[in-house]
Amino acid sequence: MKVSIKKSILENMLLNIQPYLEKKDLSQITSHVLLITKDGQFTLKATDYEIGLSYHTPEIKITTEGDATANGKKLLDIIKSLKDDEVVLETINDYLYIKQNSSKFKLPMLNPMDFPLFPEIANKPKFDINSNTLVRSIKKIAPAIDSNNPKFELNGSLIDIKDNSINLVATDTKRLAIIQIEQPTEHNFTLIIPKKAISEIQKLFFDNIEIFYDENTLIASSAHFTFYTKLINGKFPDYARIIPKNKNYRILLNRESMFDAIKQISIISPEIKITFKPEKVVFESLNDDNIEAKTEIDFKTGLDNDIYLAVNSRYILDFLSNIENSNFTLGFNDSGLPFTLESDNFMTIVMPIMI
């Protein structure tokens, strides 16, 4: 293989595939990127077996077609050090040479034939959703995805497609975030996408994409890349049972004033108490270290009696950080019971702290 490619193009491709590399065991083929030149196209691939990314470009001058591998991090470090000019990549005797003007580097290769195969799109059903809608929706529910939960299905986000709607759901058992997208659907099915894949989807899915799936894999393809992730096998909790059917109180609140007040109190303690009085809302820290914080905002709640909520402030701040509207709705039945935060088609159900 011998090719010439612009430094900026190669660097951008290498940056995009870094999260897909095995970084702990550098002897593994998955610590390497696979470089392929074929039919006028240059492709870079990386995978850790759980997720993978294939990035391709026609902006390349090919002298000789072929395949190569190289340690993905070291190759990126080398390319970063070069000037903004053409870079020559050439394989000679199981080494990849990187050349630019008077600079030359040599990296050992592993056998390209040992690089893991990517799943095929052929014969997989297609899942239609606007890529920008998907990314915005995933960004909103992502903070509620659990980490390292023994129940593996909670370490990912559920995509539940049924009855002409797409529900995206995440829970860490203390809160549940859900977005419902009304859209015609042909089939009912569910997928659980791992948290790591959710993180990478937010960086990638801005092109027009096509999404394919089966019971084990989700694949997304665009003009520039092909992404895949293995899915989590398991039964996600019945989230519909967690959503309160009726709410005795619904208060329309201002996003900015609530965010500022909660953020202020959370400096002292992440756990806070919010008391809704007829004419104002009071925010107080819950802390055992003899440190106190308190603030309030004037607001006609429409309540006849005081009702309080004790809560981890991060759950409300995560919600408020991810809504576009200036107002949102708080729904609750009584102190000590789960309450809802709602804005358009986005809802978070929060378990309060018992005090």
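What percentage of the 355 residues in the protein do buried residues make up? I find 51%, where buried means under 20% relative accessible area, exposed over 50% and partly exposed in between, with a 1.4 Å probe and protein chains only.

**Basis.** I am working on a predicted model, in which local features need pLDDT of at least 70 and side-chain atom pairs count only at pLDDT 80 or more, while totals for chains, interfaces and linings use all residues. I number residues from 1 along each chain as its sequence is written, and side-chain values use heavy atoms, with hydrogens and water left out.

**Overall form.** I looked up the secondary structure and found 6 helices and 25 strands; helices (H or I, at least four residues) and strands (E, at least two) are DSSP runs, numbered from the N terminus. The C-alpha trace spans about 80 × 50 × 35 Å along its principal axes. For contacts (heavy atoms within 4.5 Å) with a separation of 6 or more, I note that residues 24 or more positions apart account for 64%.

**Cores.** I next looked up the nonpolar cores, each a set of buried Ala, Val, Leu, Ile, Met, Phe, Trp, Tyr and Cys residues joined through side-chain atoms within 4.5 Å. The largest has 96 residues, and those with the most contacts inside it are Leu-75, Leu-89, Leu-96, Ile-98, Phe-205 and Phe-227. Another core, of 11 residues, lies apart from it and includes Leu-176, Ile-232, Met-347 and Ile-349. I recall that in soluble globular proteins nonpolar side chains tend to be buried together. Leaving out residues up to four places away in sequence, I find that Phe-227 touches, among others, Tyr-20, Gly-52, Leu-53, Ala-197, Ile-201 and Phe-205.

**Ala-46.** I located Ala-46 in strand E3. It counts as buried because its relative accessibility is 0%. Leu-21 is 25 residues from Ala-46 in sequence and 5.9 Å away in space, C-alpha to C-alpha. Beyond four places in sequence, Ala-46 touches Ile-17, Tyr-20, Leu-21, Val-33, Ile-51, Gly-52, Leu-53, Phe-115 and Phe-118.

**Helix H3.** Which strands and helix do the buried residues of H3 pack against? I list strands E11 (156-162), E12 (165-171), E13 (175-182), E15 (210-213) and E25 (346-350), together with helix H4 (195-204). H3 itself covers residues 131-141, and its buried residues are Ser-131, Leu-134, Val-135, Ser-137, Ile-138, Lys-140 and Ile-141. At its N-terminal end I find a cap by Asn-130, a side-chain oxygen of which lies 2.9 Å from the backbone nitrogen of Asn-132. This is a polar contact, that is, a pair of N or O atoms within 3.5 Å; within protein, one must be able to donate a hydrogen and the other to accept it, and residues adjacent in sequence count only if both atoms are side-chain atoms.

**Helix H4.** In H4, I find Ala-197, Ile-198, Glu-200, Ile-201 and Leu-204 buried. The buried residues of H4 pack against E4, H3, E11, strand E14 (189-194) and strand E17 (225-230).

**Asn-149.** I placed Asn-149 in the loop between H3 and E11. Why is Asn-149 counted as buried? Its relative accessible area is 14%. A polar atom of the Asn-149 side chain lies 2.8 Å from the backbone nitrogen of Lys-151. Leaving aside neighbours within four places in sequence, Asn-149 is in contact with Leu-154, Asn-155 and Thr-173.

**Positive phi.** Tyr-49 has a positive phi of about 80° and sits in the loop between strand E3 (41-47) and strand E4 (51-57). Tyr-49 counts as partly exposed because its relative accessibility is 40%. Asp-163 has a positive phi of about 50° and is found in the loop between E11 and E12. Asp-163 is exposed, with a relative accessible area of 61%.

**Asp-77.** I found Asp-77 in helix H2 (residues 72-81), partly exposed at 39% relative accessibility. Leu-14 is 63 residues from Asp-77 in sequence and 9.6 Å from it in space, C-alpha to C-alpha.
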